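Welcome! Take a moment to look over the sequence and the 3D view before reading on.

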Amino acid sequence: MNISNGIRRITQLFLVLFLAMSAGLVYWQVAVADQVTSNPRNLRSCMSTSVPQRGRIFDRNGVLLADSQPDPNACGGFVRHYYEPSLAGLIGYYPGPYFLATGLEAKFDDYLSGRVGMTSLDNQVNKTLHRSPVGDDIYLTIDVRIQRILVQHFNQQAPVDNVYSFASDRGSAMVMDPHTGEVLAIYSSPGYDPNKMAQTLTHASLSYYNQMVNDPERPLVFRPTQGQYVPGSTYKAMTLMAGIDSGATSLEQTYDPKFTMGPVTLGQHLFTPAVSNINTFTNPNAHVSTNYGFSHSDNILFAKIGQDMGVDSWLAYNKKFMVGEKIPFELPVAVSRVTQTNGTLDENTLVDNAFGQGVDFVTPFQMAMIDNIAANDGQLMQPTVLSKVATRDKAPVKTFSPQTLGDAQIKQSTAIDTRRAMFGVVQCGSGNNDFVHGAMLSTSPWNIIGKTGTAELGNGKPAHGWLITQAPYDWQQSDKLPALTIVAMKENGGEGANAVGPMITNTYNDIFNQHLVKVDLPPAAPSITGSTMNYCHNIAHLL
């Protein structure tokens with residue numbers, strides 16, 4: 001009997017110990033597994049059997065952009081390597097398991113590390129057999145050839161005269177296919193060295209990271225999506241589309257001189273002739289058209305168009321264009337705004353907003369969306385930088401297909417008229433004033449069209465120089481769609497045509513001349529020595 005009681009007690013003891021051990025295993029392996037794994041004192045996370053064979057990153061043509069290279073002193077024996085540093089802001093960096101990844105390395109970490117995708121089931125087996133997990137590869141819409149062209153010309157400083165153009169290495173540029181929403185190239189300047197960032201952080205040094213954080217030029221800010229700026233006259237493109245589409249104006253509509261050259265009070269603002277941009281070369285008694293006013297960037301006329309639309313209608317079109325909305329993209333895009341900080345807008349501010357100098361505060365990415373609407377006959381496509389996810393054997397895991405963002409934002413006829421007006425800007429107006437810098441937009445055989453922007457900042461600071469553009473343009477068939485859009489800006493660079501006009505001209509020329517995007521050469525624009533002046537006079541409708 002005593003022996004039986006003893007056996008029973010021992011059995012109960014072992015049962016309690018077994019339950020306690022099981023509960024402990026559940027606690028450590030399930031309940032707090034993530035904390036244990038992420039604890040820097042847990043060296044198992046650096047064992048080769050624990051660190052994933054991280055997936056690679058390629059451009060749209062299979063050119064390698066990022067992979068992992070052996071490093072015996074790094075956690076897991078590998079350090080991330082980047083082959084196109086100009087994409088640092090987009091791709092980001094992967095610093096190993098002890099620091100957070102950024103950019104697309106963070107966005108697609110689950111695929112790259114093999115936690116999801118076709119390799120995820122295999123990786124469960126790999127864990128059981130103590131083999132390294134394997135990640136999937138991702139392919140971007142980026143064309144590295146176009147990327148290098150964009151960067152090369154962006155970094156070639158336009159001639160500086162400290163009147164119309166100023167030295168600046170700060171800004172952003174992007175090339176997009178407006179018909180699919182694909183980003184073909186994107187650049188933020190100044191940037192940082194992603195290889196140095198990955199190397200130092202992987203070896204637990206914050207020296208380079210802290211240096212970049214404290215740099216006053218903010219190289220860690222990805223300016224295309226996170227930089228927010230006054231847009232200047234590029235925002236007249238938005239007001240033009242909204243005005244035409246709503247019926248508030250048309251390209252041919254003419255206005256009394258007071259609404260084009262002043263003086264006139266709109267809202268509560270007195271607009272004088274000096275504000276108009278056209279008073280020095282236009283007959284003060286002339287009735288000029290919307291087309292002429294857009295070509296020469298007439299501030300007073302666009303304040304009038306904004307006032308004629310009214311606050312509610314103008315804001316409604318902004319919303320259609322994703323202004324004030326979250327733009328869906330693989331990386332976060334700061335929300336642009338055209339309202340006061342309390343979310344309201346009155347007529348007094350509207351008349352300034354309408355020509356881009358009120359409380360407008362937008363990202364370059366937002367301006368690319370507005371540009372793309374005009375280039376794609378009024379339909380905005382969802383922007384993307386992801387082409388596909390695939391296994392290392394190139395078996396597809398996830399593929400991209402173009403997606404529209406709701407119904408068409410504007411009518412096709414409105415988009416056609418907008419492109420006609422943008423052609424006038426380059427041939428006759430503010431886009432054709434770069435006579436001292438050589439590489440004028442109008443010299444390109446690809447008929448670049450666009451809208452300039454000189455975003456005034458006050459306090460004696462040089463303006464931000466903007467351009468939103470499209471090419472090629474067939475001026476004889478205005479319903480034919482341009483193949484590409486390029487948006488670029490330089491912070492404190494001066495007037496848009498001077499600050500970024502040369503780089504955009506050279507970028508389009510190289511892309512099309514090298515057949516990186518195959519397009520037909522459009523009919524030559526009217527000759528500057530022949531019919532250009534007649535063409536420009538015809539769009540003016542001077543009465």
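This report walks through the strands, then the aromatic rings, of a predicted model.

Let us begin with a sheet. Strands of a sheet pair through backbone hydrogen bonds, either parallel or antiparallel. Here, six strands line up as S3-S2-S1-S4-S11-S12 to form an open sheet, and their pairing is mixed. Strand S3 (78-82) and strand S12 (396-399) stand at the edges with a single partner strand each, so one side of each has no neighbour in the sheet. Further in, strand S1 (residues 57-58) pairs with strand S2 (residues 64-70) in the antiparallel sense, over two bridges.

**A buried strand**

Now turn to strand S14 (residues 464-471). Is this strand buried or exposed? Eight of its eight residues are buried, so S14 is largely enclosed by the rest of the structure. In a regular strand the side chains alternate between the two faces of the sheet. In S14 both faces are covered: His464, Trp466, Ile468 and Gln470 are buried on one side, while Gly465, Leu467, Thr469 and Ala471 are buried on the other.

S14 also has partners. Strand S13 (residues 449-455) pairs with S14 in the antiparallel sense over seven bridges, and Gly453 has Trp466 as its bridge partner in S14. Strand S15 (residues 484-490) runs antiparallel to S14 as well, joined to it by seven bridges. There, Ile468 stands opposite Val487 in S15.

**Aromatic rings**

Next come the rings. A pair of aromatic rings is described by the distance of the centres and the angle of the planes. How many aromatic pairs does the model hold? The count comes to 13. In one of them, the ring centres of Tyr93 and Tyr192 are 6.0 Å apart and the planes stand at 90°, so this pair is edge-to-face. Tyr93 lies in the loop between helix H3 (88-91) and helix H4 (103-107), and Tyr192 in the loop between strand S6 (182-189) and helix H8 (194-202), so the pair ties together parts that are 99 residues apart in sequence. Both Tyr93 and Tyr192 are buried. Elsewhere, ring pairs link Phe423, Tyr473 and Trp475 into a cluster.

**Charges over rings**

Finally, here are two lysines whose charged ends sit over aromatic rings.

| Charged end | Ring | Distance to ring centre |
|---|---|---|
| Lys388 | Tyr139 | 4.6 Å |
| Lys490 | Phe154 | 4.7 Å |

Terms used. Residues are numbered from 1 along each chain as its sequence is written. This is a predicted model: local features need pLDDT of at least 70, side-chain atom pairs count only at pLDDT 80 or more; totals for chains, interfaces and linings use all residues. Side-chain values use heavy atoms; hydrogens and water are left out. Two strands pair if DSSP finds at least two bridges between them. Helices (H or I, at least four residues) and strands (E, at least two) are DSSP runs, numbered from the N terminus. Buried means under 20% relative accessible area, exposed over 50%, partly exposed in between (1.4 Å probe, protein chains only). Rings of Phe, Tyr and Trp (its six-membered ring) pair if their centres lie within 6.5 Å; planes under 30 degrees apart count as stacked, over 60 as edge-to-face and the rest as tilted. A charge sits over a ring if NZ of Lys or CZ of Arg is within 6 Å of the ring centre and within 35 degrees of the ring normal.
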